[in-house]
Structures are given as structure tokens and as C-alpha cells.
Amino acid sequence: MLQPVQGAAMPIERDVAQHYTHGALERAILDALAASGRAARQLSAADLAEIDELHLGWLAATAELARALGLSPGTRVLDVGSGLGGPARYFADAHGCQVTGIDITPEFVAVAAALTRRCGLSGKVGFLKASALAIPFGAASFDAATLIHVGMNVADKARLFTELRRVLRPGGRLGAYDIVHARPEEPLPYPMPWADGTATSFVETAETYRRLLAEAGFTLEQEEDRSELALRLGREMRERATQTGRPPLGLHVVMGEGTQQRLANAMDALERGIIAPVAFIARAE
């Protein structure tokens, strides 16, 4: 694994980290695994897909992002805002990548590392607490980088993309899969999965992403709205829950009692076209 260098902390990130902090998350996940009949000592990356893909489109969106980036064995990948480590483990397990995940939530970092050990992937995937605005690695350290539903919590996206460009080698590729404000004249309904209100929510338009990526030294190669995928999978999840009840292993384990309202608000905004999950594939010049 690459060795990090010291970085600075950003004050607003304390509030964001607090939003995502559970307090006993590893135990809650292990209990949910047991209730679903899965042995925690013999996990595969796929066993955790119902709980560790914290974005619209879930594992299907992660797999599509990996394909669009052209990930292959030995690719050095930085996953910014790595959460519980689901995408990072997928990249390593399915594509043979060497992955480093960074996140500002200490509990997420600890639980991601613990789950990765249980999956036998610690040799390929590592995690550390670090800011996306002060990435603790030197220039050109990575071949690819991913940013999956993270930008909504980052106000200074210009600095974010500048940092990502710095740590990518020339020709390296960024996969930014974020929720954008598709109808900015319409306010977002809160609470959302990523924030309780506007103090830590910074959802921008797709045009803003295009402009800031170009200003940071990226060339946009692909842009894809994945609303249809997210809506279809969301409907399928709701139908299964109606038929069989809430499964033991699901996003509610991570997000707590407010999960239903947060997801309902997000899906309502998605169905009304107020927000859209958009994947940007950009090349570092």
C-alpha cells in the first residue's frame, strides 16, 4: 500500500462525519449477517452488497463504473469517500485492482477495514481517515480514482477536483458518480440519506461538474444519467419488502430508524426529476 502524508482537517467535515456515525456499526452488521444466515468468518465481497453500496444503483452502478473506467489487474485505485468499503472491495475482487479508500468518518474507516479482513482482501484494499480536500498522497500516485455519492457533502468542489487531478497520473481516469440537481429551481426534500438539511448538503448541477472538472485539468469522456437504473432497482427493492418484509441485512442497519423517510425523499425527488445520479468519466490531462 502507498504510504500517506499528513493532511489538514476541514471544520465542516466534523458535522458530515457525525451524520454518518452509528456508534456500534460493526456489531449491528455482524448481527444482521447472522440473522440473514451468513457466517461472518467466511464472507465474500458479494455477501455484503446489500449493505455496503451506499449509493443509488447500488452494486449494479458500481460494476458499471468499474467497466467505464476500464479497471484491470494491478490498477492503482483511490476511492474517495469509501464508506463501508463496498466499491473498493468490488474493484479488488472483481478486477484485481490495488485499492486505497479514504473517508472522513472514523467509524466507517474502522468497519471497512474489519469487513475487508473478513473477506480476505486486506492485501489488496486498505483504508484510512483523510479528507477529500487534502488527500494525503503525493502527485501521480494513482491510475484511477472514484468519487461515489460524495460530492453532495463537499462545498468546495473546485478544490476537490484539483486534489483528485493532483494524485492521478497523466492519463489516469476519474469516475465521479454523484447526485446532481437536475431542476435547481426546485428545493430538495430533507432529510436525505446524505444530510438532514442544507448545512451539509451541497448538490450542484451537472453543468457545474463539467466546468469544474475542466478547470481542474480533466477532459470529460463520458457522462451518463443513471436515473432509470436507480428507479428500477428501487421499485424492485420496495416490491420485495412488501412481499417478504424488511430483510435483516439492508441500508437500515447503517442509516438507522430514519432510513425509510430519507430513502423515500430521495426516491421521490428522483421520480420527479429534481435530482439525478450521474456518472462522469474524465481523463487527467
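**Helix H9 and its surroundings**

Mentor: In this predicted model, helix H4 (residues 58–69) packs against helix H9 (residues 227–244) at an angle of about 150°, and their axes are 9 Å apart.

Trainee: Why is H4 called roughly antiparallel to H9?

Mentor: Angles over 145 degrees count as roughly antiparallel. The angle between H4 and H9 is about 150°, so H4 is roughly antiparallel to H9.

Trainee: Which residues in H4 and H9 meet?

Mentor: From H4 come Trp-58, Ala-60 and Ala-61; from H9 come Leu-229, Ala-230, Leu-233, Gly-234 and Met-237.

Trainee: How do you know that the reach of H9 is close to what is expected?

Mentor: H9 has 18 residues, for which 26 Å is expected at 1.5 Å a residue. From the first C-alpha of H9 to the last, the reach is 26 Å. Just after H9, Gly-245 takes a positive phi of about 90°.

Trainee: Which residues of H9 are buried, and what covers them?

Mentor: The buried residues of H9 are Ser-227, Leu-229, Ala-230, Leu-231, Leu-233 and Gly-234. Their cover includes H4, strand S6 (218–225), helix H11 (259–271) and strand S7 (275–284).

Trainee: What makes Arg-226 buried?

Mentor: A residue is buried when its relative accessible area is under 20%. Arg-226 has a relative accessible area of 3%, and therefore is buried.

Trainee: Where is Arg-226 found, and which residues does Arg-226 touch?

Mentor: Arg-226 lies in the loop between S6 and H9. Not counting residues up to four places away in sequence, Arg-226 touches Ala-61, Glu-64, Leu-65, Tyr-177, Pro-277 and Ala-279.

Trainee: Turning to the chain, what radius of gyration would a compact globule have, and what does the chain have?

Mentor: With 285 residues, a compact globule would have a radius of gyration near 19 Å. The chain has 18 Å, so its value agrees with that of a compact globule. Along the principal axes, the C-alpha atoms fill a box of roughly 50 × 45 × 35 Å.

Trainee: What else describes the chain?

Mentor: The chain has 11 helices and seven strands, and 53% of its 285 residues count as buried. Among contacts with a separation of 6 or more, 81% come from residues 24 or more positions apart.

Terms used
Residues are numbered from 1 along each chain as its sequence is written. This is a predicted model: local features need pLDDT of at least 70, side-chain atom pairs count only at pLDDT 80 or more; totals for chains, interfaces and linings use all residues. Side-chain values use heavy atoms; hydrogens and water are left out. Axes are lines fitted to C-alpha atoms, for helices over the stretch in contact, and angles run from 0 to 180 degrees between N-to-C directions. Helices (H or I, at least four residues) and strands (E, at least two) are DSSP runs, numbered from the N terminus. Angles under 35 degrees count as roughly parallel, over 145 as roughly antiparallel, 65 to 115 as roughly perpendicular and the rest as oblique. Contact means heavy atoms within 4.5 Å. The expected span of a helix is 1.5 Å times one less than its number of residues. Buried means under 20% relative accessible area, exposed over 50%, partly exposed in between (1.4 Å probe, protein chains only). The radius of gyration is taken over C-alpha atoms; the globule rule is 2.2 Å times the number of residues to the power 0.38.
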